[in-house]
Every structure is written in structure tokens, then in C-alpha cells.
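Dear colleague,

I am passing on the structure below, followed by some notes on what turned up in it. Please read them with the structure open beside you.

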Amino acid sequence: MKKNLLMIVVILLSATTLKGQTDSQHFLYEKSNSGSVIIKPKNEINRILEKGGALLELTSDTRTSWGEYSRVKPLQGLVNDGIFSKQRILELKKEDKTIIEVFFDETGIVSYVYFWVIPGTKSLLTDQELYDIFQRYKGVKYDMTGVKVIESEKGSKTSFYSSDFFELPYEDLKISTP
């Protein structure tokens, strides 16, 4: 009986390793067919996908506000609060290539966040740092003024989701000397 149980555990662990999935305290790390590593929050489901995706057209003003406020400001808050030091940001800026993808609905409020790393690049972020970033971006509000729905998966221009993905904007951060 113990041998059978041990064999089942070994098989399950092997299958997980072969599939390329590992987990940490806060995230599941999955290797995609393309070789990217996708880092998803544990115990969260991206329910916003049920609304159906929309392709959006942005004005140049909206693009600017998204860059400054929706992309940079949450990470800047982590620097301002002392969660990331100047030294750590400089280290990350030099080598980290983590991409963040945020999902928001027609209100502009981010309800789901995950990370990915494309093949040939790497993430230097620890599990706790990823979690701090995840927490800071969740709930961010994207300015939907001047945003037009070009096409919607379910045909609705008033109920949809969209996403924004970008490398974490280390180069745009204002870091002061400690």
C-alpha cells in the first residue's frame, strides 16, 4: 500500500515537472508551448474574460495617461513606499524583462493581473516582489475617456474587457538617493 502511494506521488511530481509547472507562495509558474513562462496568481480566476474581449482605439492623450498613470504610477508607489530601493530598481532596470498584463473592463478598473517572461529573457523578481507589484496594479483605473471600441468579441460596446501588457517601466521611475 505504501509503495503504491509513493509511486502515485512520484508520478504526479514527475508529470508536473515535465509540464513545466511549479508554484510558489503566491503564484503558479507555467511554461507555455512557445517557451514563455507565465506567472499567474494562485486561487484567482480571470472572470472578466466572460464579458468578451474588445479591441480599443486610443487617442494620443489617452495613451499618455495610460503610460504615466496606469503603468508607471503603481510601480512608482512601491519605490516611494520603500518597498523597492534605488539599488534594486537599478539592478532590475539593467536586466529584468518581466512583462505584466493587466485586464480591465469598460470601467477601466483592473481586476486581474499576471506576468510573463518570453524565451531568452529572464525575471529577477522574487515571489514577494511579484506579489507586491500584483497587489499594486490590481484595482488601478485606466482612463477610458476618448477610448472607442473598434470591435468586440460579443458585439457589445458597453460591456467588455480589454488588456494592456508592457515591460515593467523601470526606466520611467524617479528614484532618489537613500
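Asparagine 43 counts as exposed because its relative accessibility is 80%, where exposed means over 50% relative accessible area, buried under 20% and partly exposed in between, with a 1.4 Å probe and protein chains only. Asparagine 43 has a positive phi of about 60°, although it is not a glycine, and its place is in the loop between S3 and S4. That loop, between strand S3 (37-41) and S4, also holds asparagine 46, which is buried, with a relative accessible area of 12%. Leaving aside residues up to four places away in sequence, asparagine 46 touches Phe103 and Tyr112, a contact being heavy atoms within 4.5 Å.

Two remarks on the basis of these values are needed here. This is a predicted model, in which local features need pLDDT of at least 70 and side-chain atom pairs count only at pLDDT 80 or more, while totals for chains, interfaces and linings use all residues. Residues are numbered from 1 along each chain as its sequence is written, and side-chain values use heavy atoms, with hydrogens and water left out.

As to the chain as a whole, it has four helices and eight strands, taken as DSSP runs numbered from the N terminus (helices H or I of at least four residues, strands E of at least two). From the N terminus on, these elements run α-β-β-β-β-α-α-β-β-α-β-β. Of the 178 residues, 40% count as buried, and among contacts between residues at least 6 apart in sequence, 75% join residues at least 24 apart. The chain exposes about 10,900 Å², of which carbon and sulfur atoms supply 55%; the areas come from the Shrake-Rupley method with a 1.4 Å probe, and for residues only the protein chains shown count as cover.

Isoleucine 133 touches Leu75, Leu78, Phe84, Ile100, Phe115, Leu125 and Leu168, not counting residues up to four places away in sequence.

Helix H2 (residues 60-80) deserves a separate look. Its 21 residues reach 28 Å from the first C-alpha to the last, close to the 30 Å expected at 1.5 Å a residue, the expected span being 1.5 Å times one less than the number of residues. At valine 72, shortly before proline 74, H2 has a kink of about 45°, given as the angle between axes fitted to the seven residues ending there and the seven starting there. Buried residues of H2 include Trp66, Val72, Pro74, Leu75 and Leu78, and what covers the buried residues of this helix includes strand S4 (54-57), helix H3 (86-95), strand S5 (99-105), helix H4 (127-137) and strand S8 (161-167). After H2 comes glycine 82, whose phi is positive, near 80°.

A search of the whole structure finds 12 aromatic pairs, counted when the ring centres of Phe, Tyr and Trp (its six-membered ring) lie within 6.5 Å, with planes under 30 degrees apart called stacked, over 60 edge-to-face and the rest tilted. The rings of phenylalanine 27 and phenylalanine 134 have their centres 6.0 Å apart and their planes at 90°, so this pair is edge-to-face. Because phenylalanine 27 lies in strand S2 and phenylalanine 134 in helix H4, the pair ties together parts that are 107 residues apart in sequence. Both phenylalanine 27 and phenylalanine 134 are buried. By contrast, the rings of phenylalanine 103 and tyrosine 114, with centres 5.8 Å apart and planes at 20°, are stacked. Phenylalanine 103 is buried at a relative accessible area of 6%, and tyrosine 114 counts as buried at 15%. Ring pairs also link Phe27, Phe115, Tyr131 and Phe134 into a cluster.

Lastly, leucine 124 lies in the loop between S6 and H4 and counts as partly exposed at 25% relative accessibility.

With kind regards
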